[in-house]
Amino acid sequence: LDINNVETVLIANFDTHGGDTTVDTALFDGVTTLGLSSSAGTGDTIFSNIVAVTDGTMSNGSADMTWTYTAAAVVGTADVQNLAVSNLAAGAFLANGTETISISTSGVKSTLTSVASNALKTLNISGDQSLKITNAVDFAANGTTVAPGAVIDASSMTGKLTITTTASENLSLKAGSGDDT
């Protein structure tokens with residue numbers, strides 16, 4: 001695909017062929033948001049060759065979404081991946097190379113199977129709808145009690161948050177006003 005001067009590219013993926021659908025973004029110019037507008041559990045989508053950190057969205061479905069950034073896109077130690085979610089029944093989100101993933105909820109409560117990055121240090125969660133992350137979140141470094149390697153900040157979230165982390169994490173957790181577990 002060659003896309004110019006379009007800010008948002010959303011895919012509705014109900015593919016039943018059993019394999020992932022890959023969207024090569026190398027020829028996208030000016031795109032600021034990528035994502036799934038709706039999906040079936042078999043509609044797993046990979047956005048590849050992303051040349052700059054780009055906002056994401058997942059809504060109305062249960063498919064996995066994987067982002068493959070170019071090395072130049074996620075150079076450094078302060079890359080923030082924004083992800084908006086609404087009305088998800090499942091689905092994993094993977095954005096390797098990003099140190100912070102910031103999830104915002106809106107519209108309808110959501111369940112994500114997992115949220116991951118091989119460089120993950122911070123998970124920010126906000127919004128007025130509940131969010132459940134089914135699998136334990138595994139941060140890139142465990143850190144120490146003085147300098148936690150894992151930070152979850154949901155202090156501005158008003159919906160309920162249900163989340164676990166792997167057992168080895170030295171975690172800094174800030175919960176929101178919802179009935180968090």
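Colleague: Which residues does Lys132 touch, not counting residues up to four places away in sequence?
Modeller: This is a predicted model. Lys132 lies in strand S15, which covers residues 131–133. With residues up to four places away in sequence not counted, Lys132 touches Ser110, Thr111, Leu112 and Thr162.

Colleague: In which order do the three strands of the open sheet stand?
Modeller: Strands of a sheet pair through backbone hydrogen bonds, either parallel or antiparallel. Here the pairing is parallel. The edge strands, each pairing on one side only, are S12 (110–112) and S17 (161–162). The order is S12-S15-S17.

Colleague: Which residue in S17 does Lys132 stand opposite?
Modeller: S15 and S17 pair in the parallel sense, over two bridges. Lys132 is in S15. Its opposite residue in S17 is Thr162.

Colleague: Is Lys132 buried, partly exposed or exposed?
Modeller: Buried requires under 20% relative accessible area, and exposed requires over 50%. The relative accessible area of Lys132 is 39%, so Lys132 is partly exposed.

Colleague: How far apart in space are Lys132 and Lys109, C-alpha to C-alpha?
Modeller: In sequence, Lys132 and Lys109 are 23 residues apart. In space, their C-alpha to C-alpha distance is 8.4 Å.

Colleague: Does Ile3 count as buried or exposed?
Modeller: Ile3 is found in strand S1, residues 3–4. Leaving aside neighbours within four places in sequence, Ile3 is in contact with Val9, Leu27, Phe28, Asp29 and Val31. The cut-off for buried is under 20%. Ile3 has 15% relative accessibility, so Ile3 counts as buried.

Notes:
Residues are numbered from 1 along each chain as its sequence is written. This is a predicted model: local features need pLDDT of at least 70, side-chain atom pairs count only at pLDDT 80 or more; totals for chains, interfaces and linings use all residues. Side-chain values use heavy atoms; hydrogens and water are left out. Helices (H or I, at least four residues) and strands (E, at least two) are DSSP runs, numbered from the N terminus. Buried means under 20% relative accessible area, exposed over 50%, partly exposed in between (1.4 Å probe, protein chains only). Contact means heavy atoms within 4.5 Å. Two strands pair if DSSP finds at least two bridges between them.
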